[in-house]
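Please consider the following points alongside the sequence and the structure.

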Amino acid sequence: AVRGERDGRVASRLPQHLTFQVRPRNPRGAGPPAAMASPAVSPDSSSHEGLSSVNSAPACSPTSDSENLSPDELELLAKLEEQNRLLEADSKSMRSMNGSRRNSGSSLVSSSSASSNLSHLEEDTWILWGRIVNEWDEWRKKKEKLLKELIRKGIPHHFRAIVWQLLCSATDMPVKNQYSELLKMSSPCEKLIRRDIARTYPEHEFFKGQDSLGQEVLFNVMKAYSLVDREVGYCQGSAFIVGLLLMQMPEEEAFCVFVKLMQEYRLRELFKPSMAELGLCIYQFEYMLQEQLPELNIHFRSQSFLTSMYASSWFLTLFLTTFPLPVATRVFDIFMYEGLEIVFRVGMALLQFNQAELVQLDMEGMSQYFQKVIPHQFDSCPDKLILRAFQVKYNPKKMKR
């Protein structure tokens, strides 16, 4: 009942052309509405570990953009911080009582005080993001730093569809009107797309089954894009990005967002037949590895363990084939605002975190470690990964040079 009241209240404050995206619904295969997250926890995660804002990227202080905030907004942000601190205290006390992370998580869920805190936090988060969407132009121009910090904490699940569209300016694109016509045309890539569809999120409920709705709309979007960009046509890795978009929004909107990502986020260059841009990204990443982790770099070279063997998929699928969806979606949130830099940061954070183990392994051992161990290290707390990523040294001018 509270959520229903809240949904109507937020929607009533939004511009008419945005309200259809903000209605809480159950996105295809993306979890029930009750899974809506706080700013510091993945929407699809069942764990309440790491709810504290202290653990999610650089701290978002209510005073960081105070000159541009109204008294109401300052009060709301202060309340969010206070709720985070309460949840962190509950989490720590439960951990000390139960002695294990797993027990602490289950106890936290059943704790009445924690549940009450989470309820208030969800309410505050809902109000805040409703205001952000409603006043989008003002936030982008006058409260950019604060918006960046909130995105690093994670966009709440039910706001992702509209916020992603707003972040890449895909809400009013002429190409959207061409979409239905493109579907009536035939593409030389159709056989390739059909062949690969079943390999995209094969375990996800939305995409399971040859005749599933997920596979059909994924085929539609990939086919439409292959027609508007015949040079790139179709590339398998891109289907994972489109698949994630389709979990959040209808196919027409997903198509528009994907076109924007390809055109303005370096993705089109990555997927060109020559893949020269991917080579450049690998070269830049190797430079960071050599500079920041020289011992690991030497070990990789001694084992002929090439950067492209483990990092190519990071850039081509933005970690969507590396991490479980709750973690990968948090990275994608940041990518939508900050671009490919987050891929370099997360990749380097993973190597820093695992350097001691990797230098002990041979080539085959490292391959297995990258496939089986690294993807699940941050399942219970994506915030720790985000925090480590923003501790990585990254110099944009040096990378450009």
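1. Where is L306 found? L306 is in the loop between α16 (294-302) and α17 (307-317); helices here are DSSP runs (H or I) of at least four residues, numbered from the N terminus.

2. This is a predicted model, in which local features need pLDDT of at least 70 and side-chain atom pairs count only at pLDDT 80 or more, while totals for chains, interfaces and linings use all residues. Residues are numbered from 1 along each chain as its sequence is written, and side-chain values use heavy atoms, without hydrogens and water.

3. Helix α12 (residues 238-248) packs against helix α18 (residues 325-338) at an angle of about 95°, their axes being 12 Å apart. The two are therefore roughly perpendicular (65 to 115 degrees). I241, L244, L245 and M247 of α12 make the contact with L325, T329 and F332 of α18 (heavy atoms within 4.5 Å). Six of these residues are nonpolar, one is polar and none is charged.

4. Helix α7 (residues 144-152) also packs with α18, at about 160° and with axes 9 Å apart. α7 and α18 are therefore roughly antiparallel (over 145 degrees). E144, L147, K148, I151 and R152 of α7 meet R330, D333, I334, Y337 and E338 of α18. This contact of α7 with α18 has four nonpolar, no polar and six charged residues.

Notes
Axes fitted to C-alpha atoms, helices over the stretch in contact; angles between N-to-C directions. Parallel < 35°, antiparallel > 145°, perpendicular 65-115°, else oblique. Nonpolar A, V, L, I, M, F, W, Y, C, P; charged D, E, K, R; others polar.
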